[in-house]
Amino acid sequence: MTRVLVINSGSSSLKLQIIDTAVEVELAWALVERIGEPVGTLAVRRGDLSGSPGGERTVEAAFPDHTAALGRVLEEAGRLGAHPADLGVEAIGHRVVHGGPDFHDPVEVTPEVEAGIERLALLAPLHNPANLRGIRVARELLPGLPHVAVFDTGFFHTLPAAAHTYAIDHALAKDWDLRRYGFHGTSHEFVSRRAAEVLGRPYDEVNQIVLHLGNGASASAIAGGRAVDTSMGLTPLEGLVMGTRPGDLDPGLIIHLIRDRGMSPEDVSTLLNRKSGLEGLARVSDFRELVARVDDGDRDAVLAYEVVVHRLRRYIGGYWAVLGDVDAITFTAGVGENVARLRADVLSTLVGWGVELDPQANEDGAGERIISRAGGRVAVLVIPTDEELAIARACDTVLGLGR
């Protein structure tokens, strides 16, 4: 048996999963939210090799930092017999958002890798410092285990120069590593591989558009298993409309806000990271609540929904042109997997391109499935993403645990 603890450390959250990679089953799960606030929440549950639940504990308490949060997780997990030592964990895998120009493949964490992740905080100030905290806290509280970093940007290392190059001063871009890196790469790779398997086709023979739609959202064009374009760029701000981020906008807007409207760079960063997207348009960042408000006739919500649909259609059309032909369009992540109405609205203009949904398959069921009409030229799928499993598999590969 090969057991891996996967850690996704955010600025104020900590998500953990213990996975048996031999049978690809979750043995334990934990989530701590609102770290650093007066009251946070913690939930821990244990499973077994059959996937059945084996107990759960929830706690409301103050978690002043990530060390305190992980310490309490280990304490509560121990009461359920789900401590990493109880379950024979052999390695720890970490999600790291930005790999920059140097980190493409999963890699065992060394002092040099840590230093590289820290340097890249300049490109991902909201993410890499938190990811690094997770590595250091886990090393402190769970000594003696190897750690592997898996980078969100890694899958998009294959982008051709025409796709990843910004049309700015070439020397400046080269000196400062300014290019499109892309994010959610672990999800896009996992989902695109699984889509090919569901279709019964070799991965390197399928042209796909993958739409990862959640609070963060991104699109990718994948030609025969190789990423050739993606919507996010130097940072996770570019591209689709998201819960609190705007996606594409005119850079001149930022210049205008700073030079002509007196906003500081920090003010603009807060605006674009936390007060834009659905939150900015409709004062709601949760897509379920947005849809409920659309049904109630809220004009701001209706506009926000229409902006989301329009942006998605624009990216699908653009990626179709990049790929030349499309075999499959796949929806994933919380919104992509669960909001049938959005899938139908986004694809409603593509019937002439061979995209035909099966309305019942789109509306009914859950989990992995094909939702296009049988015999249609372009397959449409829903594939639940599993970034934690992908990270656990990467640990196996890097460390040779399963051999």
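These legends go with several views of a predicted model of one protein chain.

**Figure 1. The whole chain, for orientation.** Here we have 15 helices and 14 strands in the protein chain. The radius of gyration is 21 Å, close to the 22 Å that the globule rule gives for 403 residues, so the chain is as compact as a globular protein of that length. Of the 403 residues, 50% count as buried. Take the contacts between residues at least 6 apart in sequence: 62% of them join residues at least 24 apart.

**Figure 2. Helix 13 and its buried face.** This view takes in residues 340-347, which make up helix 13. Buried here are A340, L342, R343, V346 and L347. Look down the axis of helix 13 and those buried residues fall within an arc of 165°, so they line one face of the helix.

Figure 3. T330 sits in strand 12, which covers residues 328-332. With a relative accessible area of 0%, T330 is buried, because anything under 20% gets that label. Which residues is T330 in contact with, once its neighbours within four places in sequence are left aside? They are V191, A195, Q208, I209, V210, L211, L381 and I383.

**Figure 4. R34, a loop residue with positive phi.** R34 belongs to the loop between strand 3 (25-33) and strand 4 (40-47). Its phi is near 65°, a positive value in a residue other than glycine. For context, most residues other than glycine have a negative phi. R34 counts as partly exposed, at 35% relative accessibility.

**Figure 5. H184, in a loop between two helices.** You'll find H184 in the loop between helix 5 (170-175) and helix 6 (185-199). Phi of H184 is near 60°, which is positive, and this residue is not a glycine. Is H184 buried or exposed? At 9% relative accessibility, H184 counts as buried.

Terms used: Residues are numbered from 1 along each chain as its sequence is written. This is a predicted model: local features need pLDDT of at least 70, side-chain atom pairs count only at pLDDT 80 or more; totals for chains, interfaces and linings use all residues. Side-chain values use heavy atoms; hydrogens and water are left out. Buried means under 20% relative accessible area, exposed over 50%, partly exposed in between (1.4 Å probe, protein chains only). Helices (H or I, at least four residues) and strands (E, at least two) are DSSP runs, numbered from the N terminus. The arc is that of the directions from the helix axis to the C-beta atoms. The radius of gyration is taken over C-alpha atoms; the globule rule is 2.2 Å times the number of residues to the power 0.38. Contact means heavy atoms within 4.5 Å.
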